[in-house]
Amino acid sequence: MYFSEELISEIIEKNDIVDVISQYMNLRRRGNNYVGLCPFHSEKTPSFNVSPDKQLFYCFGCGVGGNVSTFIQKIEKMNYPESLNFLAERVGIEVKGTSNKKEKERIRRRNLLYKINKMAARFFYDNLNNQSSAMKYLRDRGLSIDIIKKFGLGYSLDSWDSIKKYMDANGISPELAYSAGLLAKKTNNDDYYDRFRNRIMFPIIDLKGNVIAFGGRVMDDSIPKYLNSPETEIYSKGNNIYGLNLVKKIRNLKNIIVVEGYIDAISLHQYGINNVVASLGTAFTENQARLLKRYANEIIIAYDSDAAGQAATLKGLAILEKEGCNVKVIRLPKGKDPDEYIRQEGLDSFNELIENCMSLIDYKIYNLKQNTDIATIEGRVKFIKQLASILIVLDSPAEIDAYIKKYSKEMQINERAIYDELNKIKKKHTSGNNRHNIVDRNNITNNRKKVISGELIAEKKLLNICIQDKNRAENIFNQIKPDYFNSPINKKIAEIINLKIKEGKMISAGEIIIHLENEEDTKKAAEIFSIDITDNDLKLVDSYIDKLCQAHIRKRIEELTKKMNEFYEIGDKDKSNELFKEIMELQKKKK
Ligand SMILES: [Zn+2]
């Protein structure tokens, strides 16, 4: 490894964990810590904790945890050295060494491509301001100069080589501009030409503020209506959400509205609805769902009301639901998109739509109603079956009852019939999967009982006290040794702390993790340091120490007894007597 221990410490120290993590997700203060919705598992209530004092994160839901480097490894899908490079760069620490040449080159390339795209964005923006027809098009669609500027909209000239020439004049080769996705190439030769011609340009900006791609829209009926940048080293489709770079800055974000098109998003922003993003095409991906969930748990979909929009809505809903989001749907009148709606009906009307948005269940039933003809028997049977399968996810009997009452009345169907169907599905569930769950749960409780013994608690408490207070740490390790710790991970941590005490250094939990080799240990350490030390714990230090000593004595007696018996059997009386004395001494200390 080419990172010295000092360098790693410096990198970890300079990257405050709360700063770093809040660049990726919404964190709220709770007591001394910060909490948020875990980006690594599906959840509706926050169990992801970040401790600024300990410089650690830990999720009580899925058990992931570690220091700032662990977080970057997980979220950016990097390995350990890559994460250190990433963090070093973030705070301007220069990392020397030869083994990271490849990584350095990758970063250099990426930065160059960001720069090229930024240049292009500026070029397109200037074009727009010089081209009255393109500007007129946007102004006719009701966009203000301010909002055009805020989203950095632009225009690509009706030409095969304007961006090519512009890049050339600025020292950017056609190969590079091609790599950035700005130029296209004929398949049979190296003839480069402008990819975007005579289009309104929408820069796509990532969460760090880099221009990573463009969307281009025609101003007439020509096709394709939308043309996007191809996949490049800095842009992969389905991993980005248009406008999230702006939305993520909103404090106390309650929900995010997702629309289909760029103009829909921009138009709503102009009316002051700032929590709007566009999904960049109708195919909603899991990555996009996870990205959204980092910032808000409630996601409101406002897709077009045409058939394609509805199908896309249902698919998007399923994906968001799977990621644990609380999903709602805004229902637009037939044939309208959000942009048209707000321009014709105004802000108040749109806010009303938001207020009256449908829950996922309601939306599913609404769709079912649209697609079944209850005038026929087949239609009725289908409706009852599907309604039951929609309602089965509800936990509350009162809620189920309310739905059944409502729809039996509305659709003129017997309540009993719906209940029967519901019970049929329930029976299937309990005879199948659920039994497994019950067994699993018992196992977990048994394991927990085994693990949570008084000694283990004492071990964890002592380790936490050590990282809080250097004097107490010294005092503790004057009375016990690291091998008094019974659990292997606790022992490892105790060894690290003990070593640092001897070196006269104070050590934070975040730094301890640097010294652990694998992911499993990191996770366990983060869990250990996720507990808080109270005043009462400080009063109990001596009794914790005593617990460890007692456990150590017990273990020692066991070992010595075994040895003594071995010597006795081979007839070495002296040795076995010696051990016997030792055991008796230990027995005196035992309480
Ligand atoms: Zn989690």
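Analyst: Five strands make an open antiparallel sheet, ordered S1-S2-S3-S4-S5. Strands are DSSP runs of E with at least two residues, helices are runs of H or I with at least four, and both are numbered from the N terminus. Two strands pair if DSSP finds at least two bridges between them. The edges are strand S1 (28–30) and strand S5 (65–66); each has a single partner strand, so one side of each lacks a neighbour in the sheet. Strand S4 (residues 56–59) pairs with S5 over two bridges, in the antiparallel sense. Phe57 has Gly66 in S5 as its bridge partner.

This is a predicted model: local features need pLDDT of at least 70, side-chain atom pairs count only at pLDDT 80 or more, and totals for chains, interfaces and linings use all residues. Residues are numbered from 1 along each chain as its sequence is written.

A further open sheet of five strands has mixed pairing, in the order S13-S12-S14-S15-S16. Its edge strands are S13 (276–278) and S16 (358–359), each pairing on one side only. Strands S14 (residues 298–301) and S15 (residues 326–329) run parallel and are joined by four bridges. Lys328 in S15 is the bridge partner of Ile300. Helix H11 (residues 262–270) packs on this sheet and touches strand S12 (255–259) and S13. Contact here means C-beta atoms, placed from the backbone, within 7 Å. The direction of H11 makes about 170 degrees with that of S13. Such angles run from 0 to 180 degrees between N-to-C directions, with axes fitted to C-alpha atoms, for helices over the stretch in contact.

Next, a helix pair. Helix H22 (residues 488–502) and helix H24 (residues 519–528) pack at about 80 degrees, with axes 10 Å apart. They are therefore roughly perpendicular (65 to 115 degrees). Ile489, Asn490, Lys492 and Ile493 in H22 meet Asp521, Lys524, Ala525 and Ile528 in H24.

The peptide bond from Ile223 to Pro224 is cis, with omega near -5 degrees. Pro224 lies in the loop between strand S10 (211–217) and strand S11 (226–228). Lys77, not a glycine, has a positive phi of about 50 degrees. Its loop runs between helix H3 (68–75) and helix H4 (80–90). Lys77 is exposed, with 9 C-beta neighbours inside 10 Å (exposed: 12 or fewer other C-beta atoms within 10 Å; buried: 20 or more; partly exposed: in between). Asn198 also has a positive phi of about 50 degrees. Asn198 sits between strand S8 (192–194) and strand S9 (199–205). With 18 other C-beta atoms within 10 Å, Asn198 is partly exposed.

Conventions:
Angles under 35 degrees count as roughly parallel, over 145 as roughly antiparallel, 65 to 115 as roughly perpendicular and the rest as oblique. Two residues are in contact if their C-beta atoms, placed from the backbone, lie within 7 Å.
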